[in-house]
Amino acid sequence: MLKSLLSALSPGGANGRLSILLFHRVLARPDPLFPDEIDANRFDDICSWLSAWFNVVPLDEAVRNLRDGALPRRAAAITFDDGYADNHDIALPILRRHRLPATFFVATGFLGGGRMFNDSVIESIRRSTLSALDLRDTELATLGPLSLDGLADRRHAIELLLRSIKYLPNNERDAATGMIAKRAGVSLPSDLMMTRQKVCALRDAGMQIGAHTVTHPILARMDAAAARHEIVQSKRDLESMLGERVSLFAYPNGKPAEDYNSESVALAREAGFEAAVSTSWGAARRTGDLFQLPRFTPWDRSRWGFAMRLARNLAVVPVPSLRAPLEN
């Protein structure tokens with residue numbers, strides 16, 4: 001019954017719809033601080049369901065088929081963003097066991113010991129032995145002292161801190177995360193992201209690598225020259241590393257108009273990519289913009305709930321695309 005429903009909502013050919021799933025991390029075991037994060041057992045279930053219900057194809061192939069009106073029924077693609085080490089260590093063996101392809105969008109500036117700002121905040125709060133985070137005499141003083149008494153308090157503190165610094169310019173954001181770690185009294189990990197060797201190992205295992213900028217900035221908040229550098233340099237970094245062309249790009253954070261804009265779309269086209277993905281919900285259609293392909297993350301734990309969310313997403317009409325100046 002589920003397969004029939006999904007076939008009706010995701011026909012093949014010229015009317016085809018492509019479900020692009022978005023993941024970030026696959027943890028070895030559940031995280032008490034963030035119990036909703038996907039762990040290995042849960043990801044194994046998801047891969048089993050996807051194998052049974054969908055024709056999962058590499059994203060570059062799916063994009064070409066979408067453009068040519070040649071998608072199979074129930075077409076889907078799996079993507080990961082950012083470049084976490086667990087993508088290689090935990091997710092890859094599960095994907096290979098289920099014979100599923102995936103595309104990994106890598107922010108090249110964090111490879112080999114780097115850390116994204118959100119993880120610096122999360123690990124500062126997770127690892128702190130303090131009962132409260134004192135932010136007096138800092139640029140975040142208006143948040144007041146943040147209680148770290150229990151997991152719920154720590155989750156709340158992380159949410160407030162991330163919301164306060166997410167859209168700062170990169171240098172200010174980095175300074176804020178450094179200050180938070182210092183106030184929390186912790187040393188931060190250097191093994192959260194992949195090494196270059198692991199990126200190459202993903203490719204060698206049959207997976208696809210896409211670009212995701214260098215430092216994961218908010219492209220819509222940058223001037224054209226800085227945004228162009230982030231986009232082009234990430235492509236160059238990966239092509240040098242892999243010795244092959246990189247044809248796919250993912251906008252950091254990925255919300256149209258908020259995280260990327262029409263100029264960002266134009267720059268991705270100009271850089272020579274074949275397609276780019278956002279984080280707008282919905283399924284990609286032939287009439288849509290290949291440089292603003294929608295993606296979504298179904299989070300349900302039950303087989304039925306997961307399937308129903310996939311079905312609802314297939315029925316979503318993606319938000320109107322931003323019009324890019326260089327669009328043909």
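Guide: Ala, Val, Leu, Ile, Met, Phe, Trp, Tyr, Cys and Pro count as nonpolar, Asp, Glu, Lys and Arg as charged, and the others, Gly among them, as polar. The model is predicted: local features need pLDDT of at least 70 and side-chain atom pairs pLDDT 80 or more, while totals for chains, interfaces and linings use all residues. Numbering runs from 1 along each chain as its sequence is written, and side-chain values use heavy atoms, without hydrogens and water.

Visitor: Which element gives the largest share of the lining of the largest pocket?

Guide: By class, this lining has 19 nonpolar, seven polar and 17 charged residues. The largest share, seven residues, comes from helix 5.

Visitor: Are helix 5 and helix 6 roughly parallel or roughly antiparallel?

Guide: Helix 5 and helix 6 (residues 151–165) have axes 10 Å apart and pack at an angle of about 150°. Angles over 145 degrees count as roughly antiparallel and those under 35 as roughly parallel. Helix 5 and helix 6 are therefore roughly antiparallel.

Visitor: Which residues of helix 6 make the contact with helix 5?

Guide: Contact means heavy atoms within 4.5 Å. Helix 5 brings Phe117, Asn118, Val121, Ile122, Ile125 and Arg126, and these meet, in helix 6, Arg154, Ile158, Leu161, Leu162 and Ile165.

Visitor: Are helix 1 and helix 11 roughly parallel or roughly antiparallel?

Guide: The axes of helix 1 (residues 2–9) and helix 11 (residues 303–315) come within 9 Å and cross at roughly 15°. The two helices are therefore roughly parallel.

Visitor: How many nonpolar residues does the contact of helix 1 with helix 11 have?

Guide: In helix 1, Leu2, Leu5, Leu6 and Leu9 meet Arg303, Trp304, Ala307, Met308, Ala311 and Leu314 of helix 11. The contact has no polar residues, one charged residue, and a nonpolar count of nine.

Notes:
Axes fitted to C-alpha atoms, helices over the stretch in contact; angles between N-to-C directions. Helix = DSSP H or I, 4+ residues; strand = E, 2+ residues; numbered from the N terminus. Parallel < 35°, antiparallel > 145°, perpendicular 65-115°, else oblique.
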